[in-house]
Amino acid sequence: MTPIRIAGIVLLVLGIAGFFTGGFSFTKETTKAQIGPLKLQVQEKESVNVPQWLSLGAIVIGGVLLAFGLSRK
């Protein structure tokens with residue numbers, strides 16, 4: 001399997017996942033204050049939205065790379 005085909009498959013999978021999920025979220029833990037052995041930590045939930053045009057672009061480019069990798073065989 002050539003690197004072009006692998007990149008095409010990865011872009012296709014990421015594009016499809018981004019298109020259907022719309023983004024992802026994660027939890028970030030930060031220390032707000034520390035007084036001696038006492039530590040105050042805060043967990044913040046943040047989300048990242050993936051634009052649909054970016055997902056569609058990844059799908060198209062992944063398809064082109066995959067087709068290009070198959071034709072060079």
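**Entry 1: A7 and T21 in helix α1**

I began with A7, which I found in helix α1 of this predicted model. Its relative accessibility is 32%, so A7 counts as partly exposed. I then looked up the separation between A7 and G62. Their C-alpha atoms lie 7.0 Å apart, although 55 residues separate the two along the chain.

T21 also has its place in helix α1. I noted a relative accessible area of 59% for T21, and this residue is therefore exposed, the cut-off being over 50%. For the pair T21 and Q52, 31 residues apart along the chain, I recorded a C-alpha separation of 10.0 Å.

**Entry 2: packing of α1 and α2**

Two packed helices are described by the angle between their axes and by the distance between those axes. I looked up both values for α1, residues 3-21, and α2, residues 52-71. The helices pack at an angle of about 155°, and their axes are 7 Å apart. Because angles over 145 degrees count as roughly antiparallel, α1 is roughly antiparallel to α2. I also asked which hand the crossing has when α1 passes α2. The crossing of α1 and α2 is left-handed.

**Entry 3: nonpolar surface patch**

Which residues make the nonpolar surface patch? I listed M1, I6, I9, V10, V13 and L14, and the patch they make covers about 570 Å². I checked one of these residues, I9, individually. I9 is placed in helix α1. With a relative accessibility of 35%, I9 counts as partly exposed.

**Entry 4: salt bridges**

How many salt bridges does the structure hold? I counted 2.

One of them joins E46 to K28, and I recorded 3.1 Å between the closest N and O atoms. E46 lies in strand β2 (residues 38-49) and K28 in strand β1 (residues 23-35), so this pair ties together parts that are 18 residues apart in sequence. I looked up the accessibility of both partners. E46 has a relative accessibility of 28% and counts as partly exposed. K28 also counts as partly exposed, its relative accessibility being 37%.

A salt bridge is likewise formed by E44 with K32, where the closest N and O atoms are 3.9 Å apart. The cut-off for a salt bridge is 4 Å, and the pair E44 and K32 is counted with this separation of 3.9 Å. E44 belongs to strand β2 and K32 to strand β1, so the pair ties together parts that are 12 residues apart in sequence. For K32 I noted 54%, and K32 is exposed.

**Entry 5: V50 in the loop**

Where is V50 placed? I located V50 in the loop between β2 and α2. Its relative accessibility is 25%, so V50 counts as partly exposed. I also looked up the pair V50 and V60, which are 10 residues apart along the chain. The C-alpha atoms of V50 and V60 are separated by 16 Å.

Methods. Residues are numbered from 1 along each chain as its sequence is written. This is a predicted model: local features need pLDDT of at least 70, side-chain atom pairs count only at pLDDT 80 or more; totals for chains, interfaces and linings use all residues. Side-chain values use heavy atoms; hydrogens and water are left out. Patches are made of residues with over 30% relative accessible area and no salt bridge: like charges are joined within 9 Å, nonpolar side chains (Val, Leu, Ile, Met, Phe, Trp, Tyr) within 5 Å. Accessible areas come from the Shrake-Rupley method with a 1.4 Å probe; for residues, only the protein chains shown count as cover. A salt bridge is a side-chain nitrogen of Lys or Arg within 4 Å of a carboxyl oxygen of Asp or Glu. Helices (H or I, at least four residues) and strands (E, at least two) are DSSP runs, numbered from the N terminus. Buried means under 20% relative accessible area, exposed over 50%, partly exposed in between (1.4 Å probe, protein chains only). Axes are lines fitted to C-alpha atoms, for helices over the stretch in contact, and angles run from 0 to 180 degrees between N-to-C directions. Angles under 35 degrees count as roughly parallel, over 145 as roughly antiparallel, 65 to 115 as roughly perpendicular and the rest as oblique. A crossing is left-handed if the near helix is turned anticlockwise from the far one by less than a right angle, and right-handed if clockwise.
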